[in-house]
Amino acid sequence: MLDGVGSVVKGKLAKLGLRTIRDLLQHRPHRYEAAVPERRIADLLAEEEAAIAGEVTRVKLRRPSRRLAIVQARVADESDEITAVWFNQAWLKDKLQPGMRVRLRGQLRRNEFNVRSYDLNGVSATADFAPVYPAGEEVTVKKLRELVEQALPLVRDFGDPLPAALKAEHALPQRADALVALHRPRSEAEGEQARRRLAFDELLLLQVGIARSRREREEAIAAALGEPGELVELYRGALPFRLTPDQEQAIAELDSDLGGTTPMQRLLQGDVGSGKTVVALYALLRAVEGGLPAALMAPTETLAEQHFLTIEPICADLGVRVALLTGSVKSELEDAQIFVGTHALIQEGVDLGKLAVAVVDEQHRFGVEQRQALTRGHSPHVLHMTATPIPRTLALTIYGDLSVSEIAKPPANRKPVLTSWVTEERSAEAYRRLRKHLEAGRQAYVVCPLIEESEGKRARAAEQEAERLSRAELRGLRVGCLHGRLRPAERRELMARFKARQLDVLVATTVIEVGVDVPNATIMIVQEADRFGLAQLHQLRGRVGRGAEQSYCLLVSRPKEELTESALARLEALVATTDGFELAETDLEIRGEGQLLGTRQAGLSDLKFTRLRADRPLLELARKAASGFVDHEGPLNDEVERLFADADHRGLA
């Protein structure tokens, strides 16, 4: 146990994914802070980043709102004095004492010094070349630096998985030396060299695991479905629109896979509303055409029901029987040719026959065991779908044993959603805009703040917010509340009322993130949008803009000066573009590869050191080297097994 890490700090570190000393040593700085000029207070320039040193004369704490605490300290040097400001660090009120010497790094804004980092009682690292770690509101960069310094002497307790011959061949330093250089580089170049050695480790482990997985798949046999026939031609003819070039390309790639006996493993990724379901149904019908059953598995009942309601009428016209199976609905399974459902599809006692095609939607939300259970006892062709686009380089790295198809462009009649961002003090303006849309006969969503609580507490918070809005900003309107604790029958009834225009506004938690499709809903307000991830915000925004009308998304955040750098970057990116693939690239830059692939999204979250845009040559090197280690025994093999067992456990392999 490190000094200063009690149960409270431990909980805060866990939110950053830091649970062990190994995690801390592998917490990569996202940049290094170069030295800044030392200034006398009287010589400070507006907006320039600088360091000041002085003595605290008085301290006070203000709480302008429930979620905002501002510590203000008057700091004086020989030239002048100034008010230094810290946001949401209330505990500093007791730590900063009159007479204490401080050294502060920050910027002069509106005649106050906004503090980014600080040292107390004569310590002076704020302006020096230092690592800047991904941090949060509860754990500062300064605290992380202190903890990493404590952990570094233990660095040699962790082994080096690379064989000595491989290190010698590529002139790679020892892993322990690379970790020390990562956290204590003498220059940016030295820090980058260390990162590359550590990135090579994780890419090699990943590529060895993928090579093993690919070899296993090539030994399995699937049903060859031959050339497309009459049924899929009838399906194409029945569609009320022409397929986009991207959809046609994806279908051609599917046909190429389905014609062979090697089980297809294809990732179909497309932006929100791009028409992935049309392609997925094509794959399902190819199985039916071959006289074999097919299944579509979705992670939530809402999404499964949405898929069923979309494809069942088309299939009925084609004479194809579709069954829905969720935890609360079980339609007649006998004689069904396509099964749509949640994980209820893989429960004991459910026999789907010899599946020829399995489509797994939002596949990252399923555990690996659930996905394997769907294909139990046979080797169907599998199409994985996601509406959370992953940069192609990243997809090929993580899903190296999958082929990737992309539907990047939405149907031509869809207008991009116009996105605006306002801070809390201007939220009344957002609700005025929402009312105008409702007066024009449209409908709206209001997304509640994201709270890190249980589903029950989230549900109660949503209900309370719906009641508050009904009395205030949405007074006189018909308001419904959708959250994860509603029983399926209640949810279906609520959605049916919203779709039938019996409700004006749906106040919801993130349960509406996927699978809700109401073309008349043309405006969305997202409260406290700065608390959401970029991919999640993009998914939420995808609930509007489903019809031909112009749609709008209004993001409401806390004041800009209270937001972290990454929160500002996320909101600016969302306003700038509606392109999910572009946003995925931006997310990659903001949060890094590992974070991008966290539990909410997709794939292995262990890419801590890799920068895929910069590391393409390193990836190729790792791919080539991996072929020689597929049957390797030793520390490298132990690390591959640990990595993939951990991924299996989290449902990410």
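Let me begin with leucine 303, which lies in helix α11, residues 301-318. Helices here are DSSP runs of H or I with at least four residues, strands are runs of E with at least two, and both are numbered from the N terminus. The model is a predicted one, in which local features need pLDDT of at least 70 and side-chain atom pairs count only at pLDDT 80 or more, while totals for chains, interfaces and linings use all residues. Residues are numbered from 1 along each chain as its sequence is written, and side-chain values use heavy atoms, with hydrogens and water left out.

Is leucine 303 buried or exposed? Its relative accessibility is 5%, and leucine 303 therefore counts as buried. The term buried stands for under 20% relative accessible area, exposed for over 50%, and partly exposed for what lies in between, with a 1.4 Å probe and protein chains only. Leucine 303 is 59 residues from glutamate 362 in sequence, and their C-alpha atoms are 9.6 Å apart in space.

For the chain as a whole, there are 21 helices and 20 strands. Of its 653 residues, 52% count as buried. Among contacts with a separation of 6 or more, 72% join residues 24 or more positions apart; a contact means heavy atoms within 4.5 Å.

I turn now to the sheet. Six strands form an open, parallel sheet in the order β15-β20-β19-β16-β18-β17, where two strands pair if DSSP finds at least two bridges between them. Strands β15 (418-423) and β17 (479-482) each have a single partner strand, so one side of each is left without a neighbour in the sheet. From one strand to the next, the twist averages 20°. Within the sheet, β16 (residues 443-447) and β18 (residues 505-508) pair in the parallel sense over four bridges. Valine 447 has alanine 508 in β18 as its bridge partner.

Which strands does helix α16 touch? Helix α16, residues 488-499, packs on the sheet against β16, β17, β18 and β19 (521-526), and its direction makes about 140° with that of β17. Axes are lines fitted to C-alpha atoms, for helices over the stretch in contact, and angles run from 0 to 180 degrees between N-to-C directions. Helix α17, residues 534-541, also packs on the sheet, touching β15, β16, β19 and β20 (552-557), at about 150° to the direction of β19. Eight of the eight residues of α17 are buried, so this helix is largely enclosed by the rest of the structure.

Let us return to α11. Two packed helices are described by the angle between their axes and the distance between the axes. Helices α11 and α16 pack at about 55°, with their axes 11 Å apart, and are therefore oblique to each other. On this scale, angles under 35 degrees are roughly parallel, over 145 roughly antiparallel, 65 to 115 roughly perpendicular, and the rest oblique. In the contact, Glu301, Thr302, Glu305 and Gln306 of α11 meet Pro488, Arg491, Arg492 and Lys499 of α16. By class, this contact of α11 with α16 has one nonpolar, two polar and five charged residues; Ala, Val, Leu, Ile, Met, Phe, Trp, Tyr, Cys and Pro count as nonpolar, Asp, Glu, Lys and Arg as charged, and the others, Gly among them, as polar.

The axes of α8 (residues 230-238) and α10 (residues 276-289) come within 8 Å and cross at roughly 150°, which makes α8 roughly antiparallel to α10.
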